[in-house]
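Please open your viewer and keep the selection panel handy. We will go from one selection to the next.

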Amino acid sequence: MSTGLGITIAVGLLGTLIGSVATIIVALIDRQPLLAAAIDARIGLLIEIYERTIAELRAEIERLEAKIDIYEKTINDLRDHIGKLEAKIDVLQSRLNEAGAAIA
């Protein structure tokens with residue numbers, strides 16, 4: 001009779017195990033829409049944050065490009081001014097040489 005009792009207990013435990021696994025699977029299946037909604041919300045938030053960050057970076061790039069344009073214009077203006085000053089120095093140097101030659 002103990003063999004029959006052991007089989008009954010084994011079958012009962014197996015039934016309980018199958019029922020538990022089935023309950024867990026059903027709970028997971030029922031929970032999937034909630035998990036999907038939560039994941040979708042988080043992904044949406046991440047996308048929004050990335051879009052905002054990209055927009056901020058683009059604005060910063062535009063601001064830096066404008067500064068670069070100003071600096072390039074300033075450098076070109078300075079080069080032109082330096083060229084004019086060098087031309088004046090050359091004229092003054094030639095006059096000084098002529099004056100030195102006239103005195104000698």
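The tour below starts with the whole chain, then visits its salt bridges and its surface patches.

This is a predicted model, in which local features need pLDDT of at least 70 and side-chain atom pairs count only at pLDDT 80 or more, while totals for chains, interfaces and linings use all residues. Residues are numbered from 1 along each chain as its sequence is written, and side-chain values use heavy atoms, with hydrogens and water left out.

**Stop 1: the whole chain.** Show the cartoon: the chain has 1 helix and 0 strands. Helices (H or I, at least four residues) and strands (E, at least two) are DSSP runs, numbered from the N terminus. Helix α1 covers residues 2-103. Of the 104 residues, 0% are buried (buried means under 20% relative accessible area, exposed over 50%, partly exposed in between; 1.4 Å probe, protein chains only).

**Stop 2: the salt bridges.** How many salt bridges does a search of the whole structure find? There are 3, each being a side-chain nitrogen of Lys or Arg within 4 Å of a carboxyl oxygen of Asp or Glu.

- Select Glu48 and Arg52: their closest N and O atoms are 3.4 Å apart. Both residues sit in helix α1, 4 residues apart, about one turn of the helix. Arg52 is partly exposed at 45%, and Glu48 is partly exposed at 43%.
- Move to Glu60 and Arg63, whose side chains meet at 2.5 Å, N to O. In helix α1 they are 3 residues apart, about one turn.
- Then pick Lys73 and Asp77, with 3.1 Å between the closest N and O atoms. Lys73 counts as exposed at 53%, whereas Asp77 is partly exposed at 39%.

**Stop 3: the surface patches.** Patches are made of residues with over 30% relative accessible area and no salt bridge; like charges are joined within 9 Å, and nonpolar side chains (Val, Leu, Ile, Met, Phe, Trp, Tyr) within 5 Å. Select Leu14, Leu17, Ile18, Val21, Ile25 and Ile29 to see a nonpolar patch of about 560 Å². Finish with Glu62, Glu65, Asp69 and Glu72, a surface patch of negative charge. Asp and Glu count as negative, Lys and Arg as positive, and His and the chain ends are not counted; a charge is placed at NZ of Lys, CZ of Arg, CG of Asp or CD of Glu. Glu62, in helix α1, counts as exposed because its relative accessibility is 55%.

Note on methods
Areas by Shrake-Rupley, 256 points an atom, 1.4 Å probe, with all protein chains shown as cover.
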